[in-house]
Amino acid sequence: MTHSAPLPTPPRRTRRIVLTGLAVLGAAGALYVVRGPLMMSAPRCLAGRWHGCFDTFNGVVLMTLVALPLSLLVAGALALRRRAAGVASAWRLSLAEVGMVHGTVPFLWLTMMPGAAPGIAPARVSLVPLRDLVTMGTLGIVGNLLVFASLGFFAPMRFAALASVPRILALGAGCSILVETAQYVFQLDRVSSVDDVLVNTTGAALAALASRHWWRTRADAPSDRHRPVMASAA
């Protein structure tokens, strides 16, 4: 008689390699699709011109990709310094810090870019939920989801106090409200919309869920430890 044995589950290292490979392929595919628009801004960015590079979506995205190796070097330097000091999870903390900055600042730059008539057009506010989602389109919704995605992904890994999805929701909502308020105060000819807040916050929460494997054990560790019971004096 032959006994059917259960199929062995793939080791964790294999799953990580597969997921990393899929992520690399996805990033390469995305770069291949947008290579044309990015290369249009390359001459102005390489020449150090502000107009046509840092004031355009393609230019900011291109410079973000160009600065990626530098960010990785900074993360490596921070990790080596932490390891020399005996800090646990040196690489995770360093990558989280650099990832929050590198992945959030470019999107904040894009959201604060002025429209066609800054300072002239009256400030506009849309407080009706879900009304602007139709006009955003797929690209607009995806872009808003990514505004605070890096913050939601890395912040719980770096700060134990933020290792909770409700706290990331509050953080994403607060940061988004600040951005929408700044757009209104500085009269950037952009619509300060409650839908932007909702989509930005959703993106931060989804990113936090995606990185939950790396921060939930850290958040649960203090509560799992048994506190010693003080013996009462006789």
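1. **Disulfide.** A disulfide is a pair of cysteine sulfur atoms within 2.5 Å. In this predicted model, that rule gives a count of 1 disulfide. Cys45 and Cys53 form the disulfide, with sulfur atoms 2.0 Å apart. The link of Cys45 and Cys53 is right-handed, with 105° about the S-S bond. Cys45 and Cys53 are both buried; buried means under 20% relative accessible area, exposed over 50%, and partly exposed in between, with a 1.4 Å probe and protein chains only. Cys175 counts as partly exposed because its relative accessibility is 22%.

2. **Ground rules.** Residues are numbered from 1 along each chain as its sequence is written, and side-chain values use heavy atoms, leaving out hydrogens and water. As this is a predicted model, local features need pLDDT of at least 70 and side-chain atom pairs count only at pLDDT 80 or more, while totals for chains, interfaces and linings use all residues.

3. **Confidence.** The chain has a mean pLDDT of 85, and 83% of its residues reach 70 or more.

4. **Overall make-up.** The chain has 11 helices and 2 strands. These elements are DSSP runs numbered from the N terminus: helices are H or I with at least four residues, strands are E with at least two. From the N terminus on, the order is α-α-α-α-α-α-β-α-α-α-β-α-α. Of the 234 residues in the chain, 30% are buried. Take the contacts in the chain with a separation of 6 or more: residues 24 or more positions apart account for 69% of them.

5. **Helices α5 and α6.** Helix α5 covers residues 68–84 and helix α6 covers residues 90–111; they pack at an angle of about 145°, with axes 8 Å apart. Axes are lines fitted to C-alpha atoms, for helices over the stretch in contact, and angles run from 0 to 180 degrees between N-to-C directions. The crossing of α5 and α6 is right-handed. A crossing is right-handed if the near helix is turned clockwise from the far one by less than a right angle, and left-handed if anticlockwise. On the α5 side, the contact residues include Leu68, Val74, Leu78 and Arg82. Those in α6 include Trp91, Leu95, Glu97 and His102. By class, this contact has 10 nonpolar, 4 polar and 3 charged residues. Ala, Val, Leu, Ile, Met, Phe, Trp, Tyr, Cys and Pro count as nonpolar; Asp, Glu, Lys and Arg count as charged; the others, Gly among them, count as polar.

6. **Ser89.** The loop between α5 and α6 holds Ser89. Ser89 is not a glycine, yet its phi is positive, about 55°. Ser89 counts as partly exposed because its relative accessibility is 43%.

7. **Helices α7 and α10.** Helix α7 (residues 133–146) and helix α10 (residues 194–210) cross at roughly 35°, and their axes come within 10 Å. This crossing of α7 and α10 is also right-handed. From α7, Leu133, Met136, Ile141, Asn144 and Leu145 take part. Their partners in α10 include Asp195, Asp196, Val199 and Ala204. The contact of α7 with α10 has 6 nonpolar, 4 polar and 2 charged residues.

8. **Leu130.** Leu130 is found in the loop between β1 (124–126) and α7. Its phi is near 70°, a positive value in a residue other than glycine. Is Leu130 buried or exposed? Leu130 counts as exposed because its relative accessibility is 56%.

9. **Pro156.** Pro156 sits in helix α8 (residues 149–158). Pro156 counts as buried because its relative accessibility is 0%. Pro156 and Ser211 are 55 residues apart in sequence, but 8.3 Å apart in space, C-alpha to C-alpha.

10. **Arg190.** The loop between α9 (165–185) and β2 (191–193) contains Arg190. With a relative accessible area of 30%, Arg190 is partly exposed. Which residues does Arg190 contact, leaving aside its neighbours within four places in sequence? They are Leu110, Thr111, Met113, Gly115, Arg124 and Gln183. Arg190 and Ala117 are 73 residues apart in sequence and 9.3 Å apart in space, C-alpha to C-alpha.

Technical notes. Contact means heavy atoms within 4.5 Å. pLDDT is the predictor's confidence in each residue, from 0 to 100.
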